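Reader: Please take me through this model one question at a time, with the cut-offs stated as the terms come up.

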Amino acid sequence: MTSVTLNIPVVETERLILRGHRMEDLDAMVEFFAGDRNSYVGGKMERGDCWRALLRGMGHWAMRGYGLWHIEEKATSKVAGWAGILHHIEWPEPELAYTLFEGFEGKGFAFEAATAARDYAAHNFGIDAPVSLIDPENTQSMKLARRMGAVFEKDIVVIGYPSQVWRHPSSLTQAGTV
């Protein structure tokens, strides 16, 4: 039998740790996908579906060499959501994606995590100025994208769902490294 070792980098910010998926994250995902905050990320899921979502997340790292990190709040060690780069085969290009679980919003965590993921992706994965694919009704995500300097580019349809393409600025040129 062959085993695969995933080298998912750990990214730390002042208040957060962006890290790979862990078995103990499953309960937080089950709680999130049972509630009402999941409509923009696939809707409700049962425990088994959440398990498969964890596995897909790890598979993304294995196949692409990048993916979503789970966001851990340093002060509590609780999983607060996820942020990182997705590039499913139906996506037009790599996407900076972000989601917070209930109880973690309103603290600036989404901005902190998504900015760290975007900057890490530019400097380490060669993914600079990614897009975020945002549901046209998800005003909170649009607000965050604007705060991060992203601009609306166009309307598209992704796997049958209307989406807006929001383009993030270059992390490399902002840092003066190009």
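Reader: How many helices and how many strands does the protein have?
Author: This is a predicted model, in which local features need pLDDT of at least 70 and side-chain atom pairs count only at pLDDT 80 or more, while totals for chains, interfaces and linings use all residues. Residues are numbered from 1 along each chain as its sequence is written, and side-chain values use heavy atoms, with hydrogens and water left out. Helices (H or I, at least four residues) and strands (E, at least two) are DSSP runs numbered from the N terminus, and read along the sequence they follow the pattern β-β-α-α-β-β-β-α-β-α-β-β-α. The count is five helices and eight strands.

Reader: What share of the residues counts as buried?
Author: Buried means under 20% relative accessible area, exposed means over 50%, and partly exposed lies in between, with a 1.4 Å probe and protein chains only. The protein has 178 residues, and the share of them that counts as buried is 49%.

Reader: What percentage of the contacts with a separation of 6 or more comes from residues 24 or more positions apart?
Author: A contact here means heavy atoms within 4.5 Å. Among the contacts in the protein with a separation of 6 or more, residues 24 or more positions apart account for 59%.

Reader: Is Arg 19 buried or exposed?
Author: Arg 19 is found in strand S2, and, leaving aside neighbours within four places in sequence, Arg 19 is in contact with Asp 25, Trp 69, His 70, Glu 72 and Val 79. Because its relative accessible area is 4%, Arg 19 is classed as buried.

Reader: Which residue forms a salt bridge with Arg 19?
Author: A salt bridge is a side-chain nitrogen of Lys or Arg within 4 Å of a carboxyl oxygen of Asp or Glu, and the structure holds seven salt bridges. In the one with Arg 19, the closest N and O atoms are 2.6 Å apart, and the partner is Glu 72. That partner lies in strand S3 (residues 68–73) and Arg 19 in strand S2, so the pair ties together parts that are 53 residues apart in sequence. With 9% relative accessibility the partner also counts as buried, and the residue asked for is Glu 72.

Reader: Which residues are linked with Arg 19 in a network of salt bridges?
Author: The side chains of Arg 19 and Glu 72 also make a polar contact at 2.6 Å, a term for a pair of N or O atoms within 3.5 Å, of which, within protein, one must be able to donate a hydrogen and the other to accept it, residues adjacent in sequence counting only if both atoms are side-chain atoms. The network of salt bridges links Arg 19 with Arg 22 and Glu 72.

Reader: Which residue forms a salt bridge with Glu 153?
Author: The closest N and O atoms of this salt bridge are 2.8 Å apart, and the partner of Glu 153 is Arg 167. The pair links distant parts of the chain, with Glu 153 in strand S7 (residues 151–158) and Arg 167 in strand S8 (residues 161–167), 14 residues apart. Glu 153 counts as partly exposed at 39% relative accessibility, and its partner is Arg 167.

Reader: How far apart are the end C-alpha atoms of helix H3?
Author: The expected span of a helix is 1.5 Å times one less than its number of residues. Helix H3 (residues 109–124) has 16 residues and should therefore span 22 Å, and this agrees with the distance in the model. The buried residues of H3 include Phe 109, Glu 112 and Arg 118, and the end C-alpha atoms are apart by 22 Å.

Reader: Which residues make the nonpolar surface patch of about 370 Å²?
Author: Accessible areas come from the Shrake-Rupley method with a 1.4 Å probe, and for residues only the protein chains shown count as cover. Patches are made of residues with over 30% relative accessible area and no salt bridge, like charges being joined within 9 Å and nonpolar side chains (Val, Leu, Ile, Met, Phe, Trp, Tyr) within 5 Å. One member, Met 23, lies in the loop between strand S2 (16–19) and helix H1 (26–34) and counts as exposed at 54% relative accessibility. The patch is made by Met 23, Trp 51, Leu 55 and Met 58.

Reader: How far apart in space are Arg 64 and His 87, C-alpha to C-alpha?
Author: Arg 64 has its place in helix H2 (residues 47–64) and counts as partly exposed at 35% relative accessibility. Leaving aside neighbours within four places in sequence, Arg 64 is in contact with His 87, His 88 and Ile 89. Arg 64 and His 87 are 23 residues apart in sequence, and their C-alpha distance in space is 8.0 Å.
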